[in-house]
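Open your viewer and keep the selection tool ready. We will go stop by stop, picking residues and saying what is there.

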Amino acid sequence: MSQPTVTIIVVPRERFQFARESLDSLYENTFVPFKLIYVDNNSPGKLQQHIEFQSLLRGFHVIRSQAYLSPNQARNLGLQHVTTPHVVFVDNDVIFTPGWLEKLVSCAEETGATVVGSLICQYQPVHTTVHCAGGTYMAPAAYSAFARGELNPYGTLDQTGGWKIQERTPYQNQPLAEVRDQLRRQPTGFVEFHAMLVRTAIFDRIGSLDEGFSCTKEYLDFCMMVTRAGGLIYLEPDSVVTFLTHPPAPALQWRDLPYFMLRWSDDWELSNLLHYQQKWGLQESSYFQKRYQKLGQRRRKVLIRPIAKKFAFLGKPATKWIEKQLFNLEKRFNRWFSKRHAKRLAVAQRISGLRQHLNNDIPKLAQPNVNPVTRQQTPSDESENHSLMQH
């Protein structure tokens with residue numbers, strides 16, 4: 001068997017309820033050799049046991065964090081262990097079509113692309129409704145200036161820039177059967193992290209993924225960095241996957257509530273959007289104004305609105321009032337919850353750093369003067385479960 005040239009990193013998107021189905025689908029529909037790194041982001045107990053068992057059965061590598069991480073933090077954690085020429089990022093709610101990975105690799109090899117994205121679908125039945133077939137995020141003239149490395153669209157030396165984000169995603173929400181003939185392998189402005197192949201060498205040039213992007217637009221930031229570094233981004237529509245949690249998604253399970261609330265928390269979203277604007281010198285466009293005004297809308301739609309609808313018998317005005325009051329209470333709780341997580345994560349990181357410092361200071365015991373032996377890695381080595389941090 002040939003050596004794998006691809007490492008797949010699986011990270012959670014917003015919940016854990018589809019993780020088993022997604023992992024099974026990955027193995028059932030991937031026909032070329034690959035390495036797998038599964039970042040277990042503090043998953044519930046039964047799922048943790050299932051992932052550990054599957055790692056022993058299938059021979060993949062598990063990295064478990066005892067504290068919730070953002071998707072980019074989880075991707076970076078897995079990226080530290082990648083040794084192959086290509087890495088593929090996928091989320092834990094993705095269902096794959098046969099040959100999806102081979103088509104991504106073929107596109108990269110035949111075009112020289114730095115980044116290749118699958119055609120992403122949404123909803124069930126799977127592979128029927130388009131979510132992302134690539135896209136653009138600036139007007140053509142502004143994008144050309146951005147790709148050339150200009151500081152702003154006007155070609156001046158003003159570093160405050162003024163780039164205007166105008167995200168456009170063609171064919172979104174359209175039936176795949178109706179637009180299939182229009183989709184071609186082609187360069188594009190961005191692809192999304194649901195299923196994205198990257199040449200590993202690009203990280204030597206741009207560094208790791210920006211962890212300031214905790215919950216939104218991390219795919220735009222990454223593609224912008226790749227473009228600024230002179231990389232090529234391609235869409236490969238023959239590689240098709242579907243993610244299962246696009247709103248309106250199936251009902252959230254109680255065990256997924258803590259991570260979902262943190263993943264879409266006001267604190268994470270606000271800091272993420274502010275960081276995005278500051279990093280790239282983006283205009284205070286209507287897009288950002290609306291996002292700032294509607295912090296927490298994902299939680300409102302998924303958590304609060306279903307509860308409020310139970311009072312529909314009181315009439316529409318009363319139902320809306322109840323929803324508003326519940327959301328206000330939830331926002332107060334969400335602020336407390338996200339701050340509590342931040343404190344716990346900071347403590348865990350300090351403890352981890354202290355342990356590393358102590359380990360480095362402990363003198364090694366004298367060893368016999370023998371040549372080191374290099375042991376070939378086995379499937380059991382691949383499946384070793386590493387704990388990142390403790391509460």
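Is E14 buried or exposed? Select E14: its relative accessibility is 1%, so E14 counts as buried. The cut-off for that word is under 20% relative accessible area. Keep in mind that you are looking at a predicted model.

**Stop 1: a charged network**

R15 has a relative accessible area of 2%, so R15 is buried. Now widen the selection to R13, E14, R15 and R298. Salt bridges that share partners join these residues into one network. How many salt bridges are there by this rule? The count comes to 20.

**Stop 2: a link between a helix and a loop**

Select E110 and R185. Their side chains meet in a salt bridge, at 2.8 Å from N to O. E110 belongs to helix α4 (residues 100-111), while R185 sits in the loop between α6 and β8 (186-187), so the pair ties together parts that are 75 residues apart in sequence. E110 has a relative accessible area of 57%, so E110 is exposed. R185 has 33% relative accessibility, so R185 counts as partly exposed.

**Stop 3: a link between two helices**

Next, pick E323 and R305. Here too the side chains meet in a salt bridge, with 3.0 Å from N to O. Which helices hold the two partners? E323 is in helix α13 and R305 is in helix α12. The partners are 18 residues apart, and the pair links distant parts of the chain. E323 is at 9% relative accessibility, so E323 counts as buried. R305 is at 28%, so R305 counts as partly exposed.

**Stop 4: a nonpolar patch**

Stay with α12 and α13 and go to the loop between them. Helix α12 covers 297-308 and helix α13 covers 316-361; F313 is in the loop that lies between. Is F313 buried or exposed? Its relative accessibility is 67%, so F313 counts as exposed. Together with F313 they make a nonpolar surface patch of about 410 Å².

**Stop 5: an enclosed strand**

Select residues 61-65. This is strand β3, and 5 of its 5 residues are buried, so the rest of the structure largely encloses it. Find N41: it stands opposite S65 in β3.

**Stop 6**

Switch to a backbone view. Most residues other than glycine have a negative phi, and most peptide bonds are trans. The next picks depart from that pattern.

Go to the loop between β6 (115-122) and β7 (129-132), where P125 is found. The peptide bond from Q124 to P125 is cis, with omega near 0°. H127 lies in the loop between β6 and β7 as well. H127 is not a glycine, yet its phi is positive, near 65°. With 21% relative accessibility, H127 counts as partly exposed.

Move on to P247 and P248. A cis peptide bond joins them, with omega about -5°. P248 is in the loop between β10 (233-243) and α9 (257-263).

Then select N173. N173 lies in the loop between α5 (140-148) and α6 (176-179). At 48% relative accessibility, N173 counts as partly exposed.

**Stop 7: how confident is the model?**

Finish by colouring the model by pLDDT. The protein averages a pLDDT of 90, and 90% of the residues score at least 70. Now select residues 363-391, where the pLDDT is below 50. Beyond near neighbours in sequence, this stretch has 42 contacts in the model. Treat them with care. Where pLDDT is low, the predicted coordinates should not be read in detail.

Terms used: Residues are numbered from 1 along each chain as its sequence is written. This is a predicted model: local features need pLDDT of at least 70, side-chain atom pairs count only at pLDDT 80 or more; totals for chains, interfaces and linings use all residues. Side-chain values use heavy atoms; hydrogens and water are left out. Patches are made of residues with over 30% relative accessible area and no salt bridge: like charges are joined within 9 Å, nonpolar side chains (Val, Leu, Ile, Met, Phe, Trp, Tyr) within 5 Å. Accessible areas come from the Shrake-Rupley method with a 1.4 Å probe; for residues, only the protein chains shown count as cover. A salt bridge is a side-chain nitrogen of Lys or Arg within 4 Å of a carboxyl oxygen of Asp or Glu. Helices (H or I, at least four residues) and strands (E, at least two) are DSSP runs, numbered from the N terminus. Buried means under 20% relative accessible area, exposed over 50%, partly exposed in between (1.4 Å probe, protein chains only). pLDDT is the predictor's confidence in each residue, from 0 to 100. Contact means heavy atoms within 4.5 Å. Two strands pair if DSSP finds at least two bridges between them.
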